[in-house]
Amino acid sequence: MNDVIRLARHAHHYLAVFDNGKPLALYHTKRLASSGQRIVLYAKDRGCSAPGCGVGGYYCEVHHVTDYAHCGTTGIDNLTFACGPHHRLLRPGGWTTRNRANGDTEWIPPPHLDRGQPRSNTMHHPEKLLRYLGEPEDGD
Ligand SMILES: [Zn+2]
């Protein structure tokens, strides 16, 4: 057991959560997102999650919705895509992000901009606009 602990000390630990073979989540202890987490973000965000931004996921950086310094983990439910210019807006006293209950990333401007009205990006998710107009979701 001592050898196992010694060997694992420098390892990067992963936790993958499955439900009957369906992947639900992938967590790891490194600050940087893994390639697997980036693939999940392509499916979830498709591109920069900042409101009105059309930059595709291939050109985006991975942002911790809750700052890594506060949470200390890089779980997929705490990650979102942000293009370089929008990622630089996310700093103390500037824009912030949080997760909505449906998993979408919400961007909150600083209070002096637009009264801090939070918003999300529908550029990469036109199907969500149809839902907002009253179309039933799949399976309804
Ligand atoms: Zn952007």
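Analyst: A residue is called buried under 20% relative accessible area, exposed over 50% and partly exposed in between (1.4 Å probe, protein chains only). This is a predicted model, in which local features need pLDDT of at least 70, side-chain atom pairs count only at pLDDT 80 or more, and totals for chains, interfaces and linings use all residues. Residues are numbered from 1 along each chain as its sequence is written, and side-chain values use heavy atoms, leaving out hydrogens and water.

User: Is Cys48 buried or exposed?
Analyst: The relative accessibility of Cys48 is 0%. Cys48 therefore counts as buried.

User: Which arrangement do the four donor atoms form around the zinc ion?
Analyst: The zinc ion is held by Cys48 (SG), Cys53 (SG), Cys83 (SG) and His86 (ND1) at 2.0 to 2.3 Å, donors being N, O and S atoms within 2.8 Å of the metal (3.2 Å for Na, K and Ca). Along the chain, these donors follow the spacing C-x4-C-x29-C-x2-H. Because their angles at the zinc ion run from 96 to 117 degrees, and four donors qualify if all angles lie between 85 and 135 degrees, the arrangement is tetrahedral.

User: How many residues apart in sequence are the parts that Cys48 and Cys83 tie together?
Analyst: Cys48 sits in the loop between helix H2 (35–44) and strand E3 (60–64), where helices (H or I, at least four residues) and strands (E, at least two) are DSSP runs numbered from the N terminus. Cys83, buried at 4% relative accessibility, belongs to strand E4 (residues 79–83). The pair therefore links parts whose separation in sequence is 35 residues.

User: Is Lys128 buried or exposed?
Analyst: Lys128 belongs to helix H5 (residues 126–132). Because its relative accessibility is 14%, Lys128 counts as buried.

Key:
Tetrahedral: all angles 85-135°; square planar, octahedral: opposite > 155°, others 65-115°.
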